[in-house]
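Please open the structure in your viewer and keep the selection panel at hand. This tour moves from one selection to the next and says what is found at each stop.

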Amino acid sequence: MSEEIKVQLTATPGEKPDSQKLGFGKYFTDHMFVMDYHKDKGWHDPRIVPYAPIVMDPAAMVFHYGQAVFEGMKAYLTDSGKVLLFRPDQNMQRLNCSNDRLGIPEIDGDFVIHAIKTLIEIDKSWIPTEKGTSLYIRPFIIATEPCLGVRSSYTYQLIVILSPVGAYYSGGLEPVKINVESDYTRAVRGGIGFAKAAGNYAASIKAQENAKKDGFSQVLWLDAIEKKYIEEVGSMNIFFKIGGKVITPAINGSILKGVTRSSVIALLQEWGVPVEERKLSIDEIFEASQQGLLEEVFGTGTAAVISPVGELHWKEHTMKINEGKIGELSQKLYDTITGLQSGNLPDTRNWTITF
Ligand SMILES: *Cc1c(COP(=O)(O)O)cnc(C)c1O
């Protein structure tokens, strides 16, 4: 795609939020990127417009059959005042993988990255500067055709919105408590679990709410069929360090292929830490815990980067990990990835784009 992006700037720029109170996804910048799709025209009319509500037909297919996919990435401001993106090509590849599964037309990843860069340049003053803060980027695609027939929509809209977000952990990395979910299922092989689709979250909210009520911050999902093999956490992939080896569930068709997950695997391999991608049962973890071999557990995802797990609850069992403190490897991974993202560590792997 080479169509020029039309830009319409806002006449009423918003007030910037207090950088101490950002939280996650509560504030939005002055502009958004929008692009339309029609089956006879392809993707067209890329534009940057003032951030505003969108008008949609109540029969728009996304409201009825849920054709909606999204991505989540971040822009960071480096010490030298440049904007840094971390592996955005991976997010675009994944967006197309999600599109394919949900019958949504492919996007031109390079063009969307160009659009995101143009949008960020316009709203650059919204990137918070305090340590640990960033500008969250949320591209998403929805089916817009007004039609109640069940089939793939003929029209779509791709929208990119930006949200200044706070440091995930205000006071250093805090290990979380996680409940192993034994009743509900998030996704099943052959379904849409590997796509970053809105529907996966709809399926997960009830268990997440129950876990919150019981004092846990997240749920750990098991496979849908045997309720035995580890899948992933809410919006993170998960890693276990058992007897010196790091193990994470293999990509199996029902979990999301996290960009942070692949970055962690690549770093561990570089560092010579044994890392395995394979099936991993909850029994194996419980046994390791009983034998004192469960050394570290951590989640990986764009929002928190590395989220150490201090306690795992499974049925009537409580597994304490590393006395509820962050492990050495978790800390090293966190420091390395956030160092690359802030531009403070040299990028020797071609993972970052600065502009
Ligand atoms: C986004 C997401 C992740 C993490 O992926 P990253 O690319 O590392 O941010 C993990 N699991 C689910 C279900 C997700 O939606």
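The stops below cover pockets, a cavity and salt bridges.

This is a predicted model, in which local features need pLDDT of at least 70 and side-chain atom pairs count only at pLDDT 80 or more, while totals for chains, interfaces and linings use all residues. Residues are numbered from 1 along each chain as its sequence is written, and side-chain values use heavy atoms, with hydrogens and water left out.

**First stop: the largest pocket**

Select Tyr-201, Gln-218, Gly-234, Ser-235 and Met-236, which are the closest to the centre of the largest pocket among the 39 residues that line it. A pocket here is an open set of points on a 1 Å grid over the protein atoms alone, with protein on both sides within 12 Å along at least five of seven lines, and lining residues have an atom within 4 Å of a point. The space in this pocket is about 900 Å³, where a volume is the space filled by probe spheres set on the points, which are joined across faces, edges and corners.

Now colour α4 (198-213), which gives the most to this lining, with seven residues. Helices (H or I, at least four residues) and strands (E, at least two) are DSSP runs, numbered from the N terminus. The lining of the largest pocket holds 16 nonpolar, 15 polar and eight charged residues; Ala, Val, Leu, Ile, Met, Phe, Trp, Tyr, Cys and Pro count as nonpolar, Asp, Glu, Lys and Arg as charged, and the others, Gly among them, as polar. Domain 1 (6-165) and domain 2 (176-342) each contribute at least three residues to it, with the domain bounds coming from an automatic or database domain assignment.

**Second stop: the second largest pocket**

Next select Glu-130, Lys-131, Gly-132, Thr-133 and Ala-167, which lie nearest the centre of the second largest pocket, itself lined by 33 residues. About 780 Å³ of space lies in this pocket. Its lining takes its largest share, four residues, from α7, and because domain 1 and domain 2 both give residues to that lining, the second largest pocket lies between them.

Which residues are closest to the centre of the largest cavity? Select Lys-74, Tyr-76, Phe-86, Thr-302 and Gln-341, which hold that place among the 15 residues of its lining. A cavity is a set of grid points where a 1.4 Å probe fits but cannot get out, and the count comes to one cavity of 30 Å³ or more. The largest cavity has about 130 Å³ of space, and it lies between domain 1 and domain 2, because both give residues to its lining.

Show the side chains of Lys-6 and Asp-45, which meet in a salt bridge (2.9 Å, N to O), that is, a side-chain nitrogen of Lys or Arg within 4 Å of a carboxyl oxygen of Asp or Glu. Lys-6 lies in strand β1 and Asp-45 in strand β3, so the pair ties together parts that are 39 residues apart in sequence.

Then move to Glu-277 and Arg-261, whose side chains meet in a salt bridge at 2.8 Å, N to O. Arg-261 is buried, with a relative accessible area of 2%, whereas Glu-277, at 42%, counts as partly exposed; buried means under 20% relative accessible area, exposed over 50%, and partly exposed in between (1.4 Å probe, protein chains only).
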